[in-house]
Amino acid sequence: SRARMLTVMVGQRNVLESALPRTGVYALAVANCGNFSAFMIDGAVSVRNPHGFLAATDYNKIRLYTWLSAFYLVLALAWLLVARRWWARLACMQKGIVVASFAGALECFLMGVLYQTSNESGGFSGALSVLAALASGWKVIELLRMAARPADALSRCEDASGAVANTVLSILLAGFISTGYSFREALRLRPCYAHTRREMMLEAAPLLVVSSLLFVWCHASLCRQREASKLQGRDQEASLILKSHAILAIGTLGALFVIVVQLADPLLTDDPESWKLHYLISDGLPQLNFAFVLGLCMCVWRPSESAIGSDHTSQAPDAESQALDGVCDSDADDVASGNGKAKDVAAAE
């Protein structure tokens with residue numbers, strides 16, 4: 001184990017670190033030889049358990065994120081295998097599912113590396129934590145694409161939204177990532193700092209506000225796009241949007257349930273035996289909710305001959321189709337011109 005202490009002199013900061021080679025009782029003696037009446041000592045003590053430096057509440061997260069990274073990777077490869085036949089004709093949402101799966105695998109890989117290195121060294125890499133948070137936000141944003149901008153999700157990744165709408169949505173998504181990271185860090189540090197439920201509710205409040213605004217935005221966008229699809233007679237597209245709307249509701253309710261359970265956290269008790277299961281609530285439940293929503297999206301958006309995405313080309317015709325249309329129009333003009341000339345010759349005779 002190691003003991004680390006920060007001392008502050010007038011205009012000078014010193015960091016003192018000392019290794020504690022044996023288990024035992026240690027005392028810290030502080031002597032004040034300065035000409036002042038108040039001072040501050042700040043420091044940290046890292047304790048090495050038989051399994052490493054991680055606390056009992058965090059140790060099992062290594063195994064959790066290792067398995068989850070493999071799960072998301074297999075899921076992404078399976079979706080690629082199913083979609084490879086129609087890849088050139090897939091809708092943006094169908095390709096976004098692949099991106100979300102790989103982002104989930106990247107997030108879990110980074111979290112696994114983070115906790116493994118922390119267990120071996122006793123430190124905590126803030127850079128890895130931020131990168132994992134960005135990957136986590138990325139995977140959620142890819143699934144929110146259908147709900148927030150359904151017109152884009154149904155096309156071949158063309159931006160059908162206005163500049164103002166894109167700006168507002170970008171601000172909401174950035175707020176979602178930042179507040180989600182803040183709440184996740186509060187959950188990670190909760191056993192160390194013994195945060196009360198009131199303090200945790202204050203940490204969760206910004207995330208709940210931003211998530212509510214995102215839900216309202218997505219709900220309104222889906223309703224507008226569904227009505228537009230009905231008016232244009234695209235019943236299959238309207239049905240797909242309705243199913244996606246249901247997935248949005250399920251995912252939102254699941255996320256709300258997860259936050260409530262995390263705030264209550266019945267496993268943080270005085271019984272040390274329950275600490276090793278704390279990871280199931282702090283990290284396992286959010287991943288389970290996302291994996292369930294991702295599976296529903298895969299079922300609804302599965303590419304096939306009859307599914308939108310494999311034959312939905314009206315919004316974004318490719319270059320080959322445009323070229324063929326140009327050739328056909330040119331041929332039609334030539335035929336019309338030829339017929340006109342034949343009629344003029346016949347009239348002259």
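These legends describe close-up views of charged pairs, a cavity and aromatic rings in a predicted model.

**View 1**
The structure holds 6 salt bridges, and the one shown here joins the side chains of Glu-107 and Lys-139, with 2.7 Å from N to O.

**View 2. Glu-185 and Arg-188 pair within helix H5.**
Here the side chains of Glu-185 and Arg-188 meet in a salt bridge of 2.9 Å, N to O. Both residues lie in helix H5 (residues 163–193), 3 residues apart, which is about one turn of the helix. Glu-185 has a relative accessibility of 16% and so counts as buried, the limit being under 20%. Arg-188 is also at 16% and counts as buried. Arg-188 lies over the face of Phe-124 as well, at 3.6 Å from the ring centre.

**View 3. Arg-234 and Glu-237 form a salt bridge.**
The closest N and O atoms of Arg-234 and Glu-237 are 3.0 Å apart. Are the two partners buried or partly exposed? Arg-234 is partly exposed, because its relative accessible area is 23%, and a buried residue must have under 20%. Glu-237, at 1% relative accessibility, counts as buried.

**View 4. Asp-58, Lys-61 and Asp-283 are linked by salt bridges.**
These three residues make up a network of salt bridges. Lys-61 and Asp-283 are also among the residues that line the largest cavity, the subject of the next view.

**View 5. The largest cavity holds about 90 Å³ of space.**
A search of the whole structure finds 1 cavity of 30 Å³ or more. The lining consists of Lys-61, Met-111, Leu-114, Tyr-115, Phe-124, Ser-129, Arg-184, Glu-185, Leu-187, Arg-188, Ser-282 and Asp-283. Helices H2, H5 and H8 (278–300) are the elements that each give two or more residues to this lining. H5 supplies the largest share, 4 residues. By class, the lining has 5 nonpolar, 2 polar and 5 charged residues.

**View 6. Tyr-65 and Tyr-115 are an aromatic pair joining helices H1 and H2.**
The count of aromatic pairs comes to 3. In the pair shown, the ring centres of Tyr-65 and Tyr-115 are 6.3 Å apart and the planes meet at 10°, so the pair is stacked; the limit for stacking is under 30 degrees. Tyr-65 lies in helix H1 (residues 61–83) and Tyr-115 in helix H2, so the pair ties together parts that are 50 residues apart in sequence. Tyr-65 is buried, with a relative accessible area of 1%.

**View 7. Phe-71, Tyr-72 and Phe-290 form an aromatic cluster.**
Ring pairs link the three residues. Lys-139 is the salt-bridge partner of Glu-107.

Conventions. Residues are numbered from 1 along each chain as its sequence is written. This is a predicted model: local features need pLDDT of at least 70, side-chain atom pairs count only at pLDDT 80 or more; totals for chains, interfaces and linings use all residues. Side-chain values use heavy atoms; hydrogens and water are left out. A salt bridge is a side-chain nitrogen of Lys or Arg within 4 Å of a carboxyl oxygen of Asp or Glu. Buried means under 20% relative accessible area, exposed over 50%, partly exposed in between (1.4 Å probe, protein chains only). On a 1 Å grid over the protein atoms alone, a cavity is a set of points where a 1.4 Å probe fits but cannot get out, and a pocket is an open set with protein on both sides within 12 Å along at least five of seven lines; lining residues have an atom within 4 Å of a point. Grid points are joined across faces, edges and corners, and a volume is the space filled by probe spheres set on the points. Ala, Val, Leu, Ile, Met, Phe, Trp, Tyr, Cys and Pro count as nonpolar, Asp, Glu, Lys and Arg as charged, and the others, Gly among them, as polar. Rings of Phe, Tyr and Trp (its six-membered ring) pair if their centres lie within 6.5 Å; planes under 30 degrees apart count as stacked, over 60 as edge-to-face and the rest as tilted. A charge sits over a ring if NZ of Lys or CZ of Arg is within 6 Å of the ring centre and within 35 degrees of the ring normal.
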